Amino acid sequence: MTRSLRHARTLRAVAAGTAAVVALTAASSAAAAGGHPGRTGDDGHGRHGTNHQVTTHLVPTLEGRATLSADHLADGPPSGAAASPGNGRQGPWDGQVIPGFSAMVDNGDGTFWAQPDNGFGAKGNSADFLLRSYLVKPDWDTGRPGAQGGSGEIEVLDHLSYNDANGLLDFDIVHGDTPERLLTGADLDIESVARADDGTLWVGDEFGPFLLHFDADGTLLEKPFPLPGGLKSPQNPYLAAGETPTVRASRGFEAMARSGRYLYPVLEGALTTDPDQRRRVIHEFDTRRGQYTGRTWAYQADQEANVVGDAFTVGKNRLWVVERDDFEGPASVTKRVYEIDLTRTEPDGAGGRYVRKELVLDALRVDNPRGIDEGEGYGLGATYSLPVQSFETVLRLRDGRILLANDNNYPGNAARNPGTPDDTEMVVVDLEESRTRADGVTVIGHRGASGYRPEHTLASYEQAILQCADVIEPDVVPTKDGVLVARHENEIGGTTDVAEHPEFADRRTTKTVDGTTVTGWFTEDFTLAELRTLRAVERLPKVRPANTAFDGLYQVPTLDEVLDLARHSETCDGRPVGVAPETKHPTYFDSAGLSLEAPLVAELRANGLDSRRAPVVVQSFETGNLRELDRRTDVRLALNVSASGAPYDLVAAGDPRTYADLVTPAGLRGVARYADIVSLEKNVVVPRTAAGTLGRPTSVVRDAHRAGLEAYSWTFRAENQFLPAELRSSADPTEHGDLAAELDTFLDTGLDGVFSDQPGLAVAAVAARR
């Protein structure tokens, strides 16, 4: 059924209310069991003790898809003589290429005006590409049998050509000497469009950036409206010699929404002078007065490299905004639609105030129950995804459903099938009600979904979310300038490409960390700006060779970026995604003057996550910093327990207690005074025998529950080399074995949560026990 986002909010509020009731119940029960007052209770997901709780939420569901062949040519002169070749295609082509759609207008009769951009991506290679808007009619493939299903094709019915027949442009254009003065991709880079009540078209451009006003037939009616304040891109025809552009190339008005007389153009990227490179500025333009109003808003992207691809008005002061990255296919991380309200802002860890954003849908996870085009390429399966580089169109149709479309950057993009140019596609998505029952077990994506992407990257965390993890886990270490970032260790030689950077060769050094000598490069010797020049690599390339395909793509994320990703995401059952930061080597960093506790709590507070109800669990292998955090924050705390050794803070203080001492019944009662969860290495729960098989479970989970603690266990990995001998599938150490059977054994002990490198497999194993 069709549901508006307003209805979605209602449903989410109901779900949140249910979780809150569960939280109070669980906390009361835990306190009665003898746990630390105010410490033991719900994890923000209503998980513990809630096996029968049912929540209702909205699930993006594919209802129709239609495509236009990448190789389709429209009438007109040849195009692409200077286009870069790609995927076996080389220009010029005998007609006008249609390289996807960057913006659309819904005509309400099943047809759309669909506008490509400037052609082939640059001013210098698009002089033979005519700027047009095409009248198209999709015949939706709905996955239904026979004629009900539709052909799945987009029919091109007509087009209008943008032109300057009135001679308003006072800079040189390609066809300036012709009466029609047809505009080309060397003249302007049109990226967004909105139709006014009088039928005229307002178009956002990136070369200026300009706002352009055309009549309904495509003729320019007024001179271009430049950005105020002298903001210009490198392609601006009025850029003076020696003048420094403040808008980056191709980072102009990719997105624009309209509400009555006002336009809301959004800069695709950050201004070059902005200290916060995640900020995207939304302007307001009064079409009646023909001038900017001076009002602006700030939107914060999930990461610096992300761009705003489109915007659409869905209510008073409310816009849908496409946010995307520049990756395609399996490398994709961000292809999302957010709703923003210009009257609501939220504080953020970066120190500014931004419009509050709420997830409408993640285009990488859309249910496809009818199997529309299943098996025809990457992202076309039981779950539909739109993993194209340039996801650039969102509309709310008149029946409330959502239309998405892409620019295929012909002939360069090949997200669906490597070596084959992407078609232009349009899809219709509905938000359908779904009811889910809590299963009582929290699945934590260990360092994200580190079995599928390099660990501690936003790509890994996003994969964990796509695989239905309840919680994502960033390990936290500081930079030289005190910014918390996500790395498994402060030594980064094995998780980044730092060794390939000669400018950092002299940073290689030897240190003693927690009593162990380590040689390499360390985060505390790099500023955040320096770390930003590095890229993540797979830590276990011999175990997970497939992950090396993503080496060199992703930056080291800050904790703030991880928290932002989580709080702007939803689990598969409609709940907030939890975060479980692990503080690494707190005693060591105290000695280095880079204590973790204060900046961690500050980040949580700045992101609105420093409360008992926040879906946050802070972990540590040490006891001292957990006691300090117990005094500083109300979020849940977890003591991580190894099968051998002792917390290093106790070692450093000369305290003889070991981890084994801490998991005795008396030891666990002591832990419950400052923590809520005991997170146990697997061998503490079910030891291995001398033969490498699973032995007899210990009583530690039962003892933890009696002490008022929840019990989690780590780390569940699918590769044979990590599994007990009887569950390995072959002698190949990297092949997957029977992880589900191992999880079954551990869950039988009563565990409340599990950490897994392959969270999707863990979720499936938990679900199979219902």
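Buried here means under 20% relative accessible area, while exposed means over 50% and partly exposed lies in between (1.4 Å probe, protein chains only). Helices (H or I, at least four residues) and strands (E, at least two) are DSSP runs, numbered from the N terminus. Among the buried residues of α2 are Leu458, Tyr461, Glu462 and Leu466.

Before going further, please keep in mind that this is a predicted model, in which local features need pLDDT of at least 70, side-chain atom pairs count only at pLDDT 80 or more, and totals for chains, interfaces and linings use all residues. Residues are numbered from 1 along each chain as its sequence is written, and side-chain values use heavy atoms, with hydrogens and water left out.

Now step just past the end of α2, where cysteine 468 takes a positive phi of about 75°. What does cysteine 468 join? Its partner in a disulfide is cysteine 572, with an S to S distance of 2.0 Å. A disulfide is a pair of cysteine sulfur atoms within 2.5 Å, and a search of the whole structure finds one. Cysteine 468 sits in the loop between α2 and β26 (471-472), and cysteine 572 in the loop between α4 (559-567) and β31, so the pair ties together parts that are 104 residues apart in sequence. The torsion about the S-S bond is about -80°, so the disulfide is left-handed. Cysteine 468 is partly exposed at a relative accessible area of 25%, and cysteine 572 is partly exposed at 25% relative accessibility.

Strands β26 and β31 lead us to an open sheet. Its 11 strands run in the order β28-β27-β32-β33-β34-β35-β36-β37-β25-β26-β31, with mixed pairing. Two strands pair if DSSP finds at least two bridges between them. At the edges are β28 (484-486) and β31 (578-579), each of which pairs on one side only. Helix α13 (residues 739-747) packs on this sheet, touching β36 (710-716) and β37 (753-756), and the direction of α13 makes about 160° with that of β36. Contact means heavy atoms within 4.5 Å; axes are lines fitted to C-alpha atoms, for helices over the stretch in contact, and angles run from 0 to 180 degrees between N-to-C directions.

Within the sheet, strand β32 (residues 582-583) and strand β33 (residues 617-620) pair in the parallel sense over two bridges. There, threonine 583 stands opposite serine 620. Strand β36 also holds threonine 715, which a cis peptide bond joins to tryptophan 714, with omega about -15°. Another cis peptide bond runs from glycine 208 to proline 209, with omega near -5°. Proline 209 is in the loop between β9 (201-205) and β10 (210-214).

Next come the charged side chains. How many salt bridges are there? The count comes to 52, where a salt bridge is a side-chain nitrogen of Lys or Arg within 4 Å of a carboxyl oxygen of Asp or Glu. In one of them, lysine 357 meets aspartate 302, the closest N and O atoms being 2.8 Å apart. Lysine 357 lies in strand β19 (residues 353-362) and aspartate 302 in the loop between β15 (291-300) and β16 (307-315), so this pair ties together parts that are 55 residues apart in sequence. Lysine 357 is buried at 6% relative accessible area, and aspartate 302 is buried at 3%.

Glutamate 339 and arginine 318 form another salt bridge, with the closest N and O atoms 2.9 Å apart. This pair links distant parts of the chain, with glutamate 339 in strand β18 (residues 335-347) and arginine 318 in strand β17 (residues 318-324), 21 residues apart. Glutamate 339 is buried at 2% relative accessibility, and arginine 318 is buried at 10%. Elsewhere, Arg251, Glu268, Arg324, Asp326 and Glu392 are linked in a network of salt bridges.

Our last stop is a loop. Aspartate 373, between β20 (366-367) and β21 (383-384), has a positive phi near 55° and is buried at 14% relative accessibility.
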